[in-house]
Amino acid sequence: MYNPNLEQLPLKEMRALQNARISALVDRLYHTVPFYKKQFDEHGLNPGDIKGVEDLPLLPFTKKSDLRDYYPYGMFAKPMEEVRRIHASSGTTGKPTVVGYTQNDLEVFDEVVARSLVCAGAKKGMKLHNAYGYGLFTGGLGMHGGATKLGMAVIPVSGGMTERQLTILQDFAPEVICCTPSYAQTLADECERRGIDTKDLAVKYAILGAEPWTEAIRQQVEAGLNVTATNIYGLSEIIGPGVSQEDFEEKGTGSYVWEDHFFPEVVDRDTGKPLPYGEEGVLVFTTLTKEAFPLLRYWTNDICSIYYDANAKRTHIKMSGIKGRSDDMLIIRGVNLFHTQVEEVIQELDFLSPNYRLIVDRKGTMDTVEVEVEVAKGVAVDRVDLQRDCIEKIKNTIGLSMAVKLKAPGSIPRSQGGKLSRIIDNRK
Ligand code: ADP
């Protein structure tokens, strides 16, 4: 049964639970996974040196490249006879990473997704329109299992085929939908284009994740689909979706990290030193309960901050929205740039819509960025004054000069269901 009491553990009890879990895990990993034995030995560490989560900084990081070196099953900590499912990352940034789950891991997965669904506003008895891809990607099956556990009726639509998605939204009357934020934008646009009155739809909550997004997109999706939209975060290496989730009544204050299962740290991108709560750096996770594919200090590459929120409904730590992945951070003329920074500027200009992409190029030795952005409905694309306002606002806020091209509504390619890349880098 889904147990909400675990979300109210006082910090002291949470640490005691985490410490007991980490020391048992470290001991097991040292004896079952050659990679970890090597890491400990090379750093002159014994498993007994890690008595609790505060000792984690003694350990080196586990990186995506380590997982590739042990591809496909070298990092598994249980024999294949105990593995019940295998997933793989989408491989957005190279060869896929293969992950495995025991029966117990699948139950943990269901539990954290069920918690996340409740956090997003879903309830037992509601229907979930699951537009995350089913297959090797953890999104589809992950949300499916958690919703089943909560007692929802799952509609396993999977990604793509927008026409069919709209029919299901209209006829099957789901109260909750989950998909990528960019695909929610596509669905909102299509509703408008076809004259579907979203007030007639049953859908009330949208759970959006798998790619970075900001308040600009939240506003567009909430208005366009007539829903309350919250953020879900996760990665296949840690479990899949449901590592963290934003509460529908605490929007904009960050997402709860289910820290009884996944212990987060935020560290400096260059030095690897742990940063104080509230400071932005690379998110690092240690799984506390995983059996088949546990990870110690996994370097996610995702940039955010973590903090406790004294006014929150639950006791778990929160993380801010992801600004971007440190591997898709652009360095433009020496300045670090995430596309979400441009998205935030766009949000403040009401003559623009949050449909945009960045075209990066190199002229001689000079990096250039052009922002292609659709104007809001009813605004002419040849308004040089508005174009100039946008250029100035970007320059003043981000500190970089970028060209801006105003585009007609509907002219920038839309998400077809999966993760959308908002950057076209012609330098590669
Ligand atoms: P891949 O690394 O191949 O994309 P995954 O499907 O496991 O594999 O994707 C996990 C990554 O997706 C995360 O590390 C993060 O970069 C991104 N991601 C997932 N959820 C969110 C979210 N809510 N906000 C921002 N980024 C997210």
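User: How many salt bridges does the rule find across the interface of domain 1 and domain 2?

Analyst: A salt bridge is a side-chain nitrogen of Lys or Arg within 4 Å of a carboxyl oxygen of Asp or Glu. In this predicted model, local features need pLDDT of at least 70 and side-chain atom pairs count only at pLDDT 80 or more, while totals for chains, interfaces and linings use all residues. Residues are numbered from 1 along each chain as its sequence is written, and side-chain values use heavy atoms, with hydrogens and water left out. The rule finds 2 salt bridges across the interface of domain 1 and domain 2. The side chains of K377 and E192 also meet in a salt bridge, at 2.7 Å from N to O.

User: Which residues does each domain span?

Analyst: Domain bounds come from an automatic or database domain assignment. Here that assignment gives 1–325 as domain 1 and 330–425 as domain 2.

User: What is the area buried between domain 1 and domain 2?

Analyst: The size of an interface is often given as the accessible area lost when the parts come together. Buried area is the accessible area (1.4 Å probe) that two parts lose on being put together, summed over both. Between domain 1 and domain 2 this is about 1,900 Å², with carbon and sulfur atoms giving 50%. T214, A216 and K323 supply 24% of the area that domain 1 buries against domain 2, more than any other three residues.

User: How many residues of each domain are in contact?

Analyst: Contact means heavy atoms within 4.5 Å. By this rule, 27 residues of domain 1 touch 19 residues of domain 2.
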